[in-house]
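Work through the exercises below with the sequence and the 3D view at hand. Try each task before reading its solution.

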Amino acid sequence: MGTTRITAEPGMPFIDIEREFDAPRELVFRAHTDPELLVRWLGPRRLTMVVDRLDVRDGGSWRYVHRDADGTEHSFRGVFHGEPSVDGILQTWEFEGFPGHVSLERLTLEEHDGRTTVRIHAAYQSVEDRDGLIASGMEGGVNEGYARLDGLVARLKPAG
């Protein structure tokens, strides 16, 4: 299993995330853009996820709903900018429970020897917005989701 590195420099409105996966980047890209795969790893295990909308193209929008055991929903939405590809994805992210606080996220996928490094650079409108996300427990959700993605790509990658 990989280790997720999350960096949030004090006073800067950015979060950087990096993790390596034992899988080719085409598979890691597919796990980020195929709704049937996305619901199997994105977010904490205790939540169920529904992909309400996922139009993976320049200008396409997406919306995900995470639901906990008592039915409470946590919804997120965004728009793709530029054509998503195995090279990367540029998209906005907005938590519907905190509308108007949109971040811009650039995800890149770099493959070496059959392993793929995911790098995310997320820019927030303010340091306060960034700090609010960190305080919400984002780190735990990212770590758990990526651990789930490790398991998913291990089951899906071609035998070699």
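The exercises that follow concern aromatic pairs and salt bridges in this predicted model.

**Exercise 1.** Classify the ring pair formed by Phe76 and Trp93, and state where the two residues lie.

Solution. 
- Step 1. The search of the whole structure gives 7 aromatic pairs, and Phe76 with Trp93 is one of these pairs.
- Step 2. The ring centres are 6.3 Å apart, and the angle between the planes is 70°. Planes over 60 degrees apart count as edge-to-face, so Phe76 and Trp93 are an edge-to-face pair.
- Step 3. Phe76 belongs to strand 5 (residues 73-79) and Trp93 to strand 6 (residues 88-95). The pair links parts of the chain that are 17 residues apart.

**Exercise 2.** Decide what kind of pair Phe76 and Phe95 form, and whether each residue is buried or exposed, or in between.

Solution. 
- Step 1. The centres of the two rings, Phe76 and Phe95, are 5.2 Å apart with planes at 35°, so the pair is tilted.
- Step 2. Phe76 in strand 5 and Phe95 in strand 6 are 19 residues apart.
- Step 3. Buried means under 20% relative accessible area and exposed means over 50%. Phe76, at 22%, is therefore partly exposed. Phe95, at 32%, is partly exposed.
- Step 4. Phe76 and Phe95 belong to one aromatic cluster that includes Trp62, Tyr64 and Trp93.

**Exercise 3.** Trace the salt bridges from Asp52 through Arg63 and Glu96 to Arg77.

Solution. 
- Step 1. Asp52 and Arg63 form a salt bridge with an N to O distance of 3.5 Å. Asp52 is in strand 3 (residues 48-54) and Arg63 in strand 4 (residues 61-67), so this bridge ties together parts 11 residues apart in sequence.
- Step 2. Arg63 also bridges to Glu96, with the closest N and O atoms 2.8 Å apart. Glu96 sits in the loop between strand 6 and strand 7 (102-112), 33 residues apart from Arg63.
- Step 3. Salt bridges with shared partners join Asp52, Arg53, Arg63, Arg77, Glu94 and Glu96 into one network.

**Exercise 4.** How accessible are Asp52, Glu96 and Arg77?

Solution. 
- Step 1. The relative accessible area of Asp52 is 43%, that of Glu96 is 22%, and that of Arg77 is 33%.
- Step 2. Asp52 is partly exposed, as are Glu96 and Arg77.

Conventions. Residues are numbered from 1 along each chain as its sequence is written. This is a predicted model: local features need pLDDT of at least 70, side-chain atom pairs count only at pLDDT 80 or more; totals for chains, interfaces and linings use all residues. Side-chain values use heavy atoms; hydrogens and water are left out. Rings of Phe, Tyr and Trp (its six-membered ring) pair if their centres lie within 6.5 Å; planes under 30 degrees apart count as stacked, over 60 as edge-to-face and the rest as tilted. Helices (H or I, at least four residues) and strands (E, at least two) are DSSP runs, numbered from the N terminus. Buried means under 20% relative accessible area, exposed over 50%, partly exposed in between (1.4 Å probe, protein chains only). A salt bridge is a side-chain nitrogen of Lys or Arg within 4 Å of a carboxyl oxygen of Asp or Glu.
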